[in-house]
Amino acid sequence: MARAAVRAQLAQVAFTLFRREGFEKVTLDDLAAAAGVSRSTFLRYFGTKEDAVLGTFDNKGERVADALRRRPGDEDDWTALRHALDTAIEEYRKDPDAALALTRLVRDTPALCARQLEKQHGWCPALALALAERSGRGPTPTLGQQVRVAAALDCLRVAVDHWTASDGHHDLVTLLDEAFAALARG
């Protein structure tokens with residue numbers, strides 16, 4: 001089985017166990033046993049319990065940055081950021097029930113919530129660089145570009161929080177549009 005498939009399978013086993021038993025109660029040994037692998041095998045795929053849940057965030061920042069680079073050159077940074085973030089919410093639109101369960105687990109588990117915020121904050125340099133490249137001003141993002149990236153990611157976080165609070169009944173795209181519009185209006 002390919003590495004990505006094994007990783008996905010291990011992540012699914014971990015997610016199921018965390019939902020049933022609670023994140024804090026499950027140990028790495030429990031995860032390995034439930035997956036039918038050794039602890040060292042599990043750790044080859046995920047260095048921590050948090051990573052088993054949040055592994056999907058690992059390359060999401062680069063995917064959003066790539067989407068940002070593909071936006072039309074005449075589009076302003078704020079609009080380009082808004083549309084590039086559609087890449088970040090693809091999973092929510094493809095499988096809203098699974099996304100809602102994952103989001104609830106993360107929001108209800110302080111260690112996961114902190115780690116997710118850390119991962120999302122890690123997207124900032126790649127997104128700011130993509131904005132700088134789009135502007136043709138060279139490889140160094142401006143202060144304004146860095147601020148727009150940070151604000152865009154906060155809009156994403158707030159939109160997802162509202163979506164989760166509505167049990168997925170509100171449209172996440174609409175919520176993200178509203179969050180961006182709220183800042184655009186000043």
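User: In which helix is Lys119 found?
Analyst: This is a predicted model. Lys119 is found in the helix that covers residues 110-121. That is helix 9.

User: Is Lys119 buried or exposed?
Analyst: The relative accessible area of Lys119 is 12%. Buried means under 20%. Lys119 therefore counts as buried.

User: Which residues does Lys119 touch, not counting those up to four places away in sequence?
Analyst: Sequence neighbours up to four places away are set aside here. The residues that Lys119 then touches are Asp51, Leu54, Phe57 and Asp58.

User: Which helices do the buried residues of helix 1 pack against?
Analyst: Helix 1 spans residues 3-21. Its buried residues are Val6, Leu10, Ala11, Ala14, Phe15, Leu17 and Phe18. They pack against helix 2 (28-35), helix 3 (39-45), helix 4 (49-54) and helix 8 (96-108).

User: How many Å does helix 1 reach from its first C-alpha to its last?
Analyst: Helix 1 has 19 residues. At 1.5 Å a residue, 27 Å is expected. The reach in the model is close to that, at 27 Å.

User: Is Ala179 buried or exposed?
Analyst: Ala179 lies in helix 12, residues 172-184. Its relative accessibility is 16%. The cut-off for buried is under 20%, so Ala179 counts as buried.

User: What separates the C-alpha atoms of Ala179 and Lys25?
Analyst: Along the chain, Ala179 and Lys25 are 154 residues apart.

Terms used. Residues are numbered from 1 along each chain as its sequence is written. This is a predicted model: local features need pLDDT of at least 70, side-chain atom pairs count only at pLDDT 80 or more; totals for chains, interfaces and linings use all residues. Side-chain values use heavy atoms; hydrogens and water are left out. Helices (H or I, at least four residues) and strands (E, at least two) are DSSP runs, numbered from the N terminus. The expected span of a helix is 1.5 Å times one less than its number of residues. Buried means under 20% relative accessible area, exposed over 50%, partly exposed in between (1.4 Å probe, protein chains only). Contact means heavy atoms within 4.5 Å.
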